[in-house]
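Please find below a few points for a colleague going through this entry. They are meant to be read beside the sequence and the coordinates.

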Amino acid sequence: MGYVKGLKCRECGRQYEKEPIHVCEFCFGPLEVDYDYDAIKENISIEKILGRDANMWRYKELMPLDDDDSYIGRNVGYTPLVHSRNLARELGVKELYIKNDAVCYPTLSFKDRVVAVAISKAVEFGYKVIACASTGNLANSVAANSARAGLNSYIFIPHDLEQGKVLGTLIYGTNLVAIKGSYDEVNRLCSEIADKYDWAFVNINIRPFYAEGSKTYGYEIFEQLGWKLPKHVITPMAGGSLICKIKKAADEFNMLGFVDDPTPKIYGAQATGCCPIVNAFKNGSDLIVPVKPDTIAKSLAIGNPADGYYAAKTIKDTGGYAEDVSDTEIIDAMKLLARTEGIFTETAGGVTVAVTKKLIESGRIPKDESIVICITGNGLKTQEALTKSLRIEDVIDAKLSEFDSLYRSKE
Ligand SMILES: *Cc1c(COP(=O)(O)O)cnc(C)c1O
Ligand SMILES: [Zn+2]
């Protein structure tokens, strides 16, 4: 038995039953899961959490399922929080951590968290087909987790995604449909399909439930810091959902008494080639002006972000900042993270590290306070971004003498 009362409009507060819906009929505001926090408070404790397996379901009272023991994706989450001393030294800061979802199970991105919740909820609703509109990582995760759950899936992507994302979807035997257009066109088509076909579109009709999965990324950071909130968190933004849920996770942990710290300052990172949320923040505007994406950070290439307004608001309310970086800065930052911490992240991670560097250099993030960088995806999936700048320099015959002279030339 779960703790969800229903859904609630973020704008007008109108309440709804637990249903696969995502917009308010009256004001068109987005719907959010409405929990009975008093009941949660009575039933959850740090001791209980610590006694459970190391995966995202250790916080199951704070997840939006009715049957909290029948969830799908049992091994998802509890990725490392890496104390990053080498990168800290390079950036000139005192205390730096990487939350590394590049190694999230099973498909190597934080999307496994949201998908685990969405598919579990879709099964509770009785759906037989899982679907999504994706920039790549969501496709991988929906395909894999649907396969494991024995459910049919339909996945819609822009036609020009990286090979790793495409093959990493097809392998699971899903129905993958490439659309000749940008993600925003894929998403618009999927809204029409969702109206017509009775499918669980994880990021459309199931979106309020799906989005809650991102909170576990935050919970884990705070638990792994020893039940403490960091001072600064830098987060990549696509649709703008994850960044909002990291704040929600901090607020909930404060409310439950698991931590007793000020809300972290939360910073939003985008690529210059697609930064509608950064633009709105910097212009001090409530309006997200859609853009046409042009960047190697394809997983973040959403020109008309669904939660853009709330993402900008989260940044403003916490006292953070938003910044964007060029494709060259993204590649340099991917190399920097790999060289210093041994972590191979995808282009989205390059965006986050590059933005962190920029914010530290400009003095926006102070050097003597705790900082967490959100690494959300794996570099093996976006190899195209590196093929121009990385290649083997040394090719020799299988002869000791050849290696000896190569070695001499390097010393
Ligand atoms: C989807 C995605 C994000 C951003 O997620 P939103 O919640 O849509 O802002 C960040 N990083 C990676 C690697 C992603 O795939
Ligand atoms: Zn409303």
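1. Tyr 78 sits in the loop that runs between helix H2 (46–50) and strand E4 (81–83), and in this predicted model its phi is near 50°, a positive value in a residue other than glycine. With a relative accessibility of 24%, Tyr 78 counts as partly exposed.

2. The loop between strand E5 (96–100) and helix H4 (111–125) contains Pro 106, and the peptide bond that leads from Tyr 105 to Pro 106 is cis, with omega near 0°. Leu 108 is found in the loop between E5 and H4 as well; it has a positive phi of about 65° although it is not a glycine, and at a relative accessible area of 30% it is partly exposed. As background to these entries, most residues other than glycine have a negative phi, and most peptide bonds are trans.

3. The zinc ion (ligand 2) is held by the SG atoms of Cys 9, Cys 12, Cys 24 and Cys 27, at 2.2 to 2.3 Å, and these donor residues follow the spacing C-x2-C-x11-C-x2-C in sequence. Because the angles subtended by the four donor atoms run from 96 to 118°, the arrangement around the zinc ion (ligand 2) is tetrahedral.

4. Cys 9 belongs to strand E1 (residues 4–9), whereas Cys 27 lies in the loop between strand E2 (15–16) and strand E3 (31–35), so the pair ties together parts that are 18 residues apart in sequence.

5. Helix H10 (241–255) and helix H12 (308–318) each supply at least two residues of the lining of the second largest pocket, and H10 gives the most, with seven residues. By class, that lining has ten charged, five nonpolar and one polar residues.

6. Gln 383 is placed in the loop between strand E13 (371–375) and helix H15 (400–410), where it is partly exposed, with a relative accessible area of 43%. The C-alpha atoms of Gln 383 and Glu 90 are separated by 25 Å, the two residues being 293 residues apart along the chain.

Conventions
Residues numbered from 1 in each chain as written. Chains lettered and ligands numbered in written order. Predicted model: local features only at pLDDT ≥ 70, side-chain atom pairs only at ≥ 80, totals over all residues. Heavy atoms only, no water. Donors = N, O, S within 2.8 Å, 3.2 Å for Na, K, Ca; no water. Tetrahedral: all angles 85-135°; square planar, octahedral: opposite > 155°, others 65-115°. Helix = DSSP H or I, 4+ residues; strand = E, 2+ residues; numbered from the N terminus. Buried < 20%, exposed > 50% of the residue type's maximum accessible area, 1.4 Å probe, protein only. Nonpolar A, V, L, I, M, F, W, Y, C, P; charged D, E, K, R; others polar.
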